[in-house]
Amino acid sequence: MASVKTGPIGRALVEFSLHGVFPEEDISSTLIEVGHLAPALESLAAAKSKLEADIHIINEETASDVSQWIANTKSLEDDINRTRSWANEIIRRSEAPDVSGKTILEAEDKADFLRRESAYNNQVYNALTNIKRVNQLLDQVELARDERRILQSLHLLEESWTALDSVPVSKSCRVMRLLDIRAFELKSAVHDVFDHVWSSLVRIDASARQISVFSSREDEEMSLADAVIGLKAYKEVDKRMAVLWQGLDEVLIRPRTSLESNDLPAIRVENSMLLLIGKADRTVASLFRDIETALEYLSQRLPAELIYSLSGIMMPDLIPNIITCWLEPGIPTSLKDMDGFQDIIDATKAFCTRLEALNFSGFEELQEWVQNVPRVWLAKCRETALDSIRSKLSQGLGDAKEIERVETQTVSQEEGLRLAPETTVPVNNDGWDAAWDDGEVAADTEAQLNRPTNEDDGDDGTDAWGWGDDGNDGIDNKADIAAADVSSKRDNPTEEDDAAAAWGWGDEEDTTDAKGTMTADKEVQPTPSTRELTLKETYNISSMPEPVIALILAILEDGASLIGDGNPMAAAAAGLFSLPTLVLAMFRAVSPHYYALNAGGNMFLYNDATYLSEQLSEATNNWKARDDLVPRAKSMLRLDNDVKALQLFATRAYSSEMTTCRTVLRDLLGGSQNLLQQDELGSSGLQSQVDNAISYVRTTAAAWSKILAKSAWSQAVGSLVDTIASKVVSDVMDLAGIGQDDAYNIANLIARITELDDLFLPPGADKNAIPSTSEYASSWLRLKYLSEVLQSNLQDVKFLWMESELSLYFTVDEVVDLIGLSFVDNARTREVVREIQGRPHPRDCA
């Protein structure tokens, strides 16, 4: 029993001896026996030995400093003793009656030295006193740190740094360096304690998805208000708020605002903690309520200075995320969904007001978004409209759709007779058109009305696109543009532009109504001089124009509904009316790429752009004639320039396709080289080149027949045929000479080419039908007459010039050159040449 209690008694004596700690009652009340004394004495002896060993270690560690201090003390003591003896000597001499001048000087020097020594001693004393005070302050800092009195520790640290700066000793002095090191170590130690206290006040538990903020805790002396002072002292206000926001975002905000997850948790406050619980809906109002809950929780617990700093760090991340992920997707692209969007706007305004009441700042971007809602909505409409055009084009041209074009033209009696030369019609004014059937004269009408002209229709803008810059293509392009620019001719007919040239005739039109109308008119006006004639034809468009038109009309309807009804989006009305221009500009900019991916894509683009211009022009006229629109809505529609741009765009697409096809044909026929000089005439290679060109024309014509209207198809294919004809004629005229065999071979090649006449025969025509090739290919009869000349003798050539129509297609010089190429220069030849030159215009003489 005694041996068990001996240990505690010894330890109690040691603790009391070293630290003055009184033992516990169960030990102090123990009865001390003799046997307890020896172990207790042994414990005291062991403690003494350990204490002596510690003192010895300290002495060894500070031996150099102590030795230096002792040496300095002895030196100071010697100086004091010497000064005392000097003072006594001065007193003694001052009392002596006979003192020499030398003695006085020595006394003055000694007095000056003593004053300096006294000042130095005072400085040393002050320095030592200040050092002692600094050391005492650091001791107090250490004590306050151990007791977690953070603010007092910081104040004492600041006071110790001030005192350390006032010590009149160089900073390089060892004692100053030691004090400085100790101060910084204590600052670091106090910061560690501060971290611990802050962590107990602001807790972020990522695993449990909860955050708790306490203004103060019973087990901590520092509150959050006091913590602000500490954060300022360590210059960590923004750093701590950044860490708080990162934790808040990771634990609460990001899971709540992310739309990627199927279920969104709700933010709630339970047991003084912010946490995620339950499920929230995906409405903006619900999101704002949850964020308000979190921010209100922080506003009630964090000091105002921390709220200000947190706002500057949090809002640049939170507000753009809300706008991008929640507000912008909710912007409707149509006014039909504007009621739901108005709820979003109201919720956003209320959210901004609540943030301001909670003393948060930095959400100006959200306020600007609310103020600029009309502009934001207009930008969304613009983005959606342009994206729909890109998306639709990227899906391809889709299925072709047949469109019937109908036009009513007023023609004169002479024009009627010309359009129906083989129809039995009375020549007098008594119902000259009574027997007119549109279907019977359709082909002739196309031939007559769509005859190519060489008139320049003005600058069509193709130069800006770089089309038609190769060789002689410029002339061909002008013909293409004149043939393709149908809309402008239709809307602005002139005396030179035959209105039917752009449209032609339909081969499958229903003529019953036309006949009935004509008959009725005949009864009312028995002697008409002019007549209204309905022209019809069909062509194909892709699936693109109708969605574009539907989109534009929907935009215009939305714009009209915004005017004059107090709609909050009324400010966007003007921008909405300008949106169709952007839609059409996007179509013109992007469509060439996607249309080029399909065979005959440019011709589809020509038809689509033409159809768009027609429909938009009609929509413009209908818009201005509506009675349910206010005058401002009517005046804000300006599509005239867009219609003209589409017409020009269609012309360019047509011209581009024709330029490409003509270039291919010329390359197949030798390009810039003479076709007939590449190899011997009659060779299989030369025939293959011609056959390839003919095959290309037929393939292209077949592809275009499924796209273009009959009139446009005839113009386009006629241009290709004319390219072959003009190339062959030009190459023949460039030969140095033509022998009999060469002439025969050239005539065979021309015969192969003229087989293209069957492309221009009416469907189901017999062998005696006359093709209309020459109506669309200006060099076609020139090619045929060239073949006749090559197969004729001098007398036949003379007959062709004098009696036939050779002079209509060749000049005198060209015929003379052909005679020189084909015949030997003799008297007979020269006589025929003189006769031909003597009658340069035989048809006029006839």
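Which residues of H25 are buried? Before the answer, some ground rules. This is a predicted model, in which local features need pLDDT of at least 70 and side-chain atom pairs count only at pLDDT 80 or more, while totals for chains, interfaces and linings use all residues. Residues are numbered from 1 along each chain as its sequence is written, and side-chain values use heavy atoms, with hydrogens and water left out.

First, the overall picture. The protein has 33 helices and 6 strands; these are DSSP runs, H or I of at least four residues for helices and E of at least two for strands, numbered from the N terminus. Of its 846 residues, 43% count as buried, meaning under 20% relative accessible area, with exposed over 50% and partly exposed in between (1.4 Å probe, protein chains only).

Now to H25. The buried residues are Leu 686, Gln 689, Val 690, Ala 693, Ile 694, Val 697, Thr 700, Ala 701 and Trp 704. They cover an arc of only 125° around the axis, which puts them on the same side of H25; the arc is that of the directions from the helix axis to the C-beta atoms. On the other side, Ser 684 and Thr 699 are exposed.

What do the buried residues of H25 pack against? The partners are helices H22 (601–625), H24 (640–668), H26 (710–733) and H27 (740–753). Take H26. Its axis and that of H25 come within 10 Å and cross at roughly 170°. That makes H25 roughly antiparallel to H26. Axes here are lines fitted to C-alpha atoms, for helices over the stretch in contact, and angles run from 0 to 180 degrees between N-to-C directions; under 35 degrees counts as roughly parallel, over 145 as roughly antiparallel, 65 to 115 as roughly perpendicular and the rest as oblique.

In contact terms (heavy atoms within 4.5 Å), the H25 side includes Ala 693, Val 697 and Trp 704, and the H26 side includes Trp 713, Leu 720 and Ile 724.

Last, two loops. Arg 209 lies between strands E1 (202–205) and E2 (210–213), and Asn 271 lies between E3 (264–270) and E4 (273–280). Most residues other than glycine have a negative phi. Arg 209, not a glycine, has a positive phi of about 55°, and Asn 271, not a glycine either, has a positive phi of about 55°. Is each one buried or exposed? Arg 209 is partly exposed, with a relative accessible area of 41%, whereas Asn 271 counts as exposed at 70%.
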